[in-house]
Amino acid sequence: MTKTPEMIEQEAKEILAKLPENLTAKDRAAIPHMDMPAQDPKERIHNMNEVALGYTEDEALVEASRCLQCKNKPCVNGCPVGIDIPAFIHKITEKDYSGALSVIQESSLLPSICGRVCPQESQCQKYCTVGKMLKDVDQAVGIGRLERFVADHEAANTTIPEIAPATGKKVAVVGSGPASIACAADVRRAGHSVTVFEALHKMGGVLSYGIPEFRLPKRLVDKEIEKLSVMGIDFEKNVLVGRTRTIQELMEEDGFDAVFVGTGAGLPKFMGIPGEDLVSVFSANEYLTRSNLMKAYDEKDSLTPFFHSHKVAVFGGGNVAMDAARTALRLGADTVDIIYRRSREEMPARKEEIEHAVEEGCNLRLLSQPVEILGDENGIVKGVVIRKCELGEPDASGRRSPVEIPGSDYTVEYDTVIVSIGNASNPLIKRTTPEIETNRRGNFIVNEETCETSMKGVYAGGDIVLGAATVILAMGQGRKAAAAINEYLKEKK
Ligand code: FAD
Ligand code: SF4
Ligand code: SF4
């Protein structure tokens, strides 16, 4: 039975009441892992509000008391920005929440965001000693949940970092996702003036247009952008670098001393099967952007109201596919099938996201490969031809590869298809800036230590370098690039 938020809070109170004063490692390992309170699945599919409700103070205190304060800090090695995890958790046990926030902020700018969306089970929590002792990564200390708790508890704390005296140097930051936000903040702190150029009409990159409100409330993203504005960073919306201004023009005509490119991987991939050009076939990017950024779910006020779907097929098994499927349910679809060619075990999405999707009523149509999308006489989707698969030998990714079963095709009726099989980098800057070397996938090639590209004074980080990766990896690269830009500008006349 899924526990209600009230049941979880009651459990926390009972555990706290019985906790001994001086906890031994054995006592700590015996404390049960606190579940994350969540909105009831039956209710939440009718709203866009956040699903995971966050720990209460009691729940956070119980979870924090499970940490063994390991001297060798294995969890820190799993955090791409190296947050001193045991130190911030220790502050929680002392109820020093602003102290905990300060520890986190030494390494990470966006704890309220990373605490929500980091794939912790494959990063910090993967290395947690408690998880290893209990032989279950899901039983590791809930580091991300505790990070979120601290950030939410201290939400009113809007301390602005100190800014060094003005240097007279100018830096352009292209794109406004997490890589750019992190880079812009650190460059600004060094006293340089910073302008962020964003192609869209809203800042935040995937945090704003991709990840749905029910996983990441947009007020948190807006608040971070507002903080950067207060630090003196300028934001220019609706500027498509490569079209409106090229990188060369920014440097040679507009006087920018250095440029950081954080343009992400926003170019959707398609399957190349017949019927992908039919009406009501969407890329997950388009579908989520319409919902998140253009508020298409708000029928009364949106200028771009939604296509009403009843039977939706989502192609793919990653986090983006889960986001698209769960969004489709909230937009009123009666049936949502997630069509994936391997088994549930091989799905690349986070376990928690798959569980949430299933709890909410999405169906997993596994070992199934779409081979054709069928249209009606008006060119609108009316069904998908699906071929059954079985699992073969492991491929380069280590996962067992899908093998199509000849003669197993069958057709299912759908009125909407959402293709979510991955993204590539947008080729615009590559095309207009041949000086920047790219690999065969179109990702920028950078120096691993400095994030500098092959063009002098131009740095890059995030998905444009890594391919579709994670928020925290993008932030880590943004910070690395900022450190190198600050060094470069010390020397530059
Ligand atoms: P982005 O966030 O992609 O931002 C790039 C920005 O650059 C965009 O705003 C774009 O409009 C702008 N831009 C592009 N070209 C130009 C140009 N020529 N001129 C000006 N601006 C330009 N990661 C996680 O860690 N956890 C998750 O739960 C998670 N969920 C995800 C869900 C979805 C639906 C998607 C799509 C991704 C998700 N990711 C998740 C991945 C994560 O969001 C990305 O790895 C991260 O946002 C990359 O950051 P970035 O700064 O490199 O680029
Ligand atoms: Fe873990 Fe992400 Fe927080 Fe690092 S930023 S400690 S990886 S949740
Ligand atoms: Fe605490 Fe786990 Fe890190 Fe050890 S590995 S310090 S138990 S969070």
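This is a predicted model: local features need pLDDT of at least 70, side-chain atom pairs count only at pLDDT 80 or more; totals for chains, interfaces and linings use all residues.
**Close-up 1. The shell around ligand 3.** Ten names to look for in this view: C67, L68, C70, P74, C75, P86, C128, T129, V130 and I143 surround ligand 3. Two or more residues of this shell come from each of α5 (74-77) and α9 (129-133). Sorted by class, the shell around ligand 3 has nine nonpolar residues, one polar and no charged.

**Close-up 2. Ligand 1 and its polar contacts with the backbone.** There are 33 residues around ligand 1, with V117, E198, R215, V241 and D463 coming nearest. At V117, a polar backbone atom sits 2.6 Å from a nitrogen atom of ligand 1. A nitrogen atom of the ligand is also 2.8 Å from a backbone N or O atom of V241. Over at D463, the ligand uses an oxygen atom instead, 2.8 Å from a polar backbone atom of that residue. On its own, ligand 1 has 1000 Å² of accessible area, and the protein covers 93% of that. As for the elements around it, α11 (178-189), α16 (319-330) and α20 (471-491) are the ones that give two or more residues to the shell. By class, the shell around ligand 1 splits into 19 nonpolar, ten polar and four charged residues.

**Close-up 3. The second largest pocket and its lining.** Now for some space in the protein: the second largest pocket has a volume of about 1000 Å³. Its lining counts 40 residues, and M36, R145, E352, E355 and H356 are the closest to the pocket's centre. Helices that each supply at least two lining residues are α1 (5-18), α3 (41-44), α8 (111-117), α10 (143-153) and α17 (351-360). The largest share is that of α17, with six residues.

**Close-up 4. An aromatic pair, F197 with F256.** The structure has four aromatic pairs, and this view picks out one of them, F197 with F256. The ring centres of F197 and F256 are 5.8 Å apart and the planes meet at 85°, so this pair counts as edge-to-face. F197 belongs to strand β2 (residues 193-197), while F256 is in the loop between α14 (247-252) and β4 (258-261), so the pair ties together parts that lie 59 residues apart in sequence.

Technical notes
Residues are numbered from 1 along each chain as its sequence is written. Chains are lettered from A and ligands numbered from 1 in the order in which they are written. Side-chain values use heavy atoms; hydrogens and water are left out. A residue is near a molecule or strand if one of its heavy atoms lies within 4 Å of it. A polar contact is a pair of N or O atoms within 3.5 Å; within protein, one must be able to donate a hydrogen and the other to accept it, and residues adjacent in sequence count only if both atoms are side-chain atoms. Accessible areas come from the Shrake-Rupley method with a 1.4 Å probe; for residues, only the protein chains shown count as cover. Helices (H or I, at least four residues) and strands (E, at least two) are DSSP runs, numbered from the N terminus. Ala, Val, Leu, Ile, Met, Phe, Trp, Tyr, Cys and Pro count as nonpolar, Asp, Glu, Lys and Arg as charged, and the others, Gly among them, as polar. On a 1 Å grid over the protein atoms alone, a cavity is a set of points where a 1.4 Å probe fits but cannot get out, and a pocket is an open set with protein on both sides within 12 Å along at least five of seven lines; lining residues have an atom within 4 Å of a point. Grid points are joined across faces, edges and corners, and a volume is the space filled by probe spheres set on the points. Rings of Phe, Tyr and Trp (its six-membered ring) pair if their centres lie within 6.5 Å; planes under 30 degrees apart count as stacked, over 60 as edge-to-face and the rest as tilted.
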